[in-house]
Amino acid sequence: MRKILIVGAGQAGLQLALGLQRHDYDVTLMSNRTADEIRGGRVMSTQCMFDTALQHERDLEINFWESQATKIRKLGVCVAAPDHSRAIDWLGELDGYAQSVDQRLKMAGWMETFAQRGGQLVIHGAAVSDLDFFARNYDLVLVAAGKGELVSMFERDAERSPYKTPQRALAVAYVNGLGPRPEHPEMEDAYCNMVPGVGELFVTPTLTTTGRADLLFWEGIPGGPLDAFQGIKDPQEHLAKTLELMEEYLPWEYARSTKVELTDAGGTLAGRYAPTVRKPVGRLPGGGTVLGVADVVVANDPITAQGSNSASKCAASYLDSILERGDRDFDAEWMQGAFDRYWDIARHATKWTNAMLAPPPEHVLRIIGAAGEAQAVADRFANGFDNPADFEEWFFEPEKAEAYLSRVS
């Protein structure tokens, strides 16, 4: 039986551990927190997972919350005018529904399931020196902890990382009490609200530890008016600032938020990071090698909601590569090949995400505007969140965009 060590108990690490378990691998999972500490701690992320990623969970029969979480069937895009009215407002329909489950709920539940199924769970904050020791006892070591010392083992890939600094200041609040949009009172959809030159607000229904809730997620251009959460430690102050900015820049969203309250004391998070692609093979001081997973090697800004989706796709791709390897060594050449296979999927999400962080060119503005007039454009844009590869056909290049818009107009 092949022995595999996975360091990091997030979406990718746990999904991969549970997948390998199903195929009778001897899996050890290292986490720096217990399931109870995760469940009772601070929120770790925003997340909205689309059909492909959800299917990976169904395939492993770990979609424990699918019947409870809101089925998001449409994605809306609103663009604020200079007078703070809605210049653009449309909904695109998804081919398969999306869902959001608080990672505190999901990761804690998956961790307990892994242990119940006989997996070895080690609660320990691993350092490079730890991996140098442990690597000798395993056929393969995977690093799925996207923050801290371990990431330093993986060299930044300059050719694939156009940004050296954070492109958005991030701030999320998990809330109860959000009202429906008056024009769609029966719908529970996700919305991206764009404030040109300022940033974006994402509103997403989610399932958290206390039940159904909503995410209010600001992405502010650094140094701008939405970059206002540094130094705020008090959750209530964080929520007050979130609402204050909504009232100023997105009054239609603020109007349904006047009665919201935080889901819990850990329901806020703020921070920033530079989107980065890293080389996948890490070298240990003793000469061993480890393979980077998900955010360790491809960390995109959350502006396109690709984080959890990419992590799920990475875990599924790596699982296939491991199973196909059989009894052969997991050497550095294999590690590079496993990553290249995943990168063939991830490169589309990275290209699209980096494009959405930049000021939109004229043809992209035309696409967003045309989606308000042609439902086919709105639907195709919405489904690109699940399959970013489709944007290659019509979104990035002005000529392809014009040809597509001409066909559908």
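Select Asp24 to begin: this residue, which has a positive phi near 65°, follows helix H1. The model is a predicted one, in which local features need pLDDT of at least 70 and side-chain atom pairs count only at pLDDT 80 or more, while totals for chains, interfaces and linings use all residues. Residues are numbered from 1 along each chain as its sequence is written, and side-chain values use heavy atoms, with hydrogens and water left out.

Next, select residues 11–22, the helix H1, whose end C-alpha atoms lie 17 Å apart, in agreement with the 16 Å that twelve residues should span at 1.5 Å a residue; the expected span is 1.5 Å times one less than the number of residues. Helices (H or I, at least four residues) and strands (E, at least two) are DSSP runs, numbered from the N terminus. Eleven of the twelve residues of H1 are buried (under 20% relative accessible area, with exposed over 50% and partly exposed in between, for a 1.4 Å probe and protein chains only). Those buried residues pack against several elements, among them strand S1 (3–7) and helix H8 (307–325), where contact means heavy atoms within 4.5 Å.

Now show Arg181 and Asp89, whose side chains meet in a salt bridge at 3.7 Å, N to O (a side-chain nitrogen of Lys or Arg within 4 Å of a carboxyl oxygen of Asp or Glu). Arg181 lies in the loop between strands S7 and S8 and Asp89 in strand S4, so the pair ties together parts 92 residues apart in sequence. Arg181 is buried at 3%, whereas Asp89 is partly exposed at 36%.
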